[in-house]
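I opened this entry to keep track of what I looked up, one topic at a time.

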Amino acid sequence: MTALEADLLAQFKPTINVNLLTQNLAKAEHTMANSLEYFKTTRHLVLYYEDLMKNPKLLSYAQEFLGVPVRKLESQQVKIHTKPLSEQINNWDDVHRTLKGSPYEHFLDEPDYFR
């Protein structure tokens with residue numbers, strides 16, 4: 001994907017169904033917890049994208065964990081969304097109102113989503 005194509009895709013602003021938003025987030029959280037429970041007896045590594053963005057050395061740690069040669073990995077991916085969520089979601093005010101005061105309020109100001 002080229003930078004021009006990424007800019008074109010970034011112009012799309014979805015409208016989120018706020019009636020199901022917290023329910024869907026809770027379901028995703030439950031699915032993740034179940035997955036971790038299923039694999040609790042299996043040697044595994046939990047690695048979040050946001051953690052990689054904060055600390056790129058974690059990628060080397062993951063390669064060591066997997067037992068593969070540690071090497072510098074490069075991606076040809078082009079970042080599509082470079083703006084705050086408030087500028088990427090069509091009905092941001094509704095989303096903000098729905099998440100404010102909920103267990104998912106931390107998503108409102110998370111800077112890692114638009115680096």
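My notes below go through a nonpolar core, a helix, a loop residue and some ring contacts.

**Entry 1, the model.** I am working from a predicted model.

I looked up which residues make up the largest nonpolar core. I found seven: Leu 21, Ile 89, Trp 92, Val 95, Leu 99, Tyr 104 and Leu 108. Helix H5, residues 92-99, supplies the largest share of this core, with three residues. I also noted the general background that nonpolar side chains tend to be buried together in soluble globular proteins.

Setting aside neighbours within four places in sequence, Ile 89 is in contact with Lys 13, Pro 14, Ile 16 and Val 95.

Which residues of H5 are buried? I wrote down Trp 92, Val 95 and Leu 99. They span an arc of only 65 degrees around the axis, so they lie on the same side of H5. The general rule I recalled is that an α-helix has 3.6 residues a turn, so residues three or four places apart point the same way.

I checked what the buried residues of H5 pack against, and the partner is helix H2 (18-38). On the other side of H5, I found Asp 93 and Arg 97 exposed. Past the helix, I noted Gly 101, which follows H5 and has a positive phi, near 80 degrees.

I located Gln 88 in the loop between helix H4 (57-66) and H5. Is Gln 88 buried or exposed? Its relative accessible area is 10%, and the cut-off for buried is under 20%, so I recorded Gln 88 as buried. Next I asked what the side chain of Gln 88 reaches. I found the backbone oxygen of Lys 83, at 2.2 Å.

I searched the whole structure for aromatic pairs and got one. The pair is Tyr 104 and Phe 107, with ring centres 6.3 Å apart and planes at 5 degrees.

Phe 107 counts as partly exposed, at 25% relative accessibility.

One more ring went into the notebook, that of Phe 65. The charged end of Arg 43 sits over this ring, 4.0 Å from its centre.

Technical notes:
Residues are numbered from 1 along each chain as its sequence is written. This is a predicted model: local features need pLDDT of at least 70, side-chain atom pairs count only at pLDDT 80 or more; totals for chains, interfaces and linings use all residues. Side-chain values use heavy atoms; hydrogens and water are left out. A nonpolar core is a set of buried Ala, Val, Leu, Ile, Met, Phe, Trp, Tyr and Cys residues joined through side-chain atoms within 4.5 Å. Buried means under 20% relative accessible area, exposed over 50%, partly exposed in between (1.4 Å probe, protein chains only). Helices (H or I, at least four residues) and strands (E, at least two) are DSSP runs, numbered from the N terminus. Contact means heavy atoms within 4.5 Å. Rings of Phe, Tyr and Trp (its six-membered ring) pair if their centres lie within 6.5 Å; planes under 30 degrees apart count as stacked, over 60 as edge-to-face and the rest as tilted. A charge sits over a ring if NZ of Lys or CZ of Arg is within 6 Å of the ring centre and within 35 degrees of the ring normal. The arc is that of the directions from the helix axis to the C-beta atoms. A polar contact is a pair of N or O atoms within 3.5 Å; within protein, one must be able to donate a hydrogen and the other to accept it, and residues adjacent in sequence count only if both atoms are side-chain atoms.
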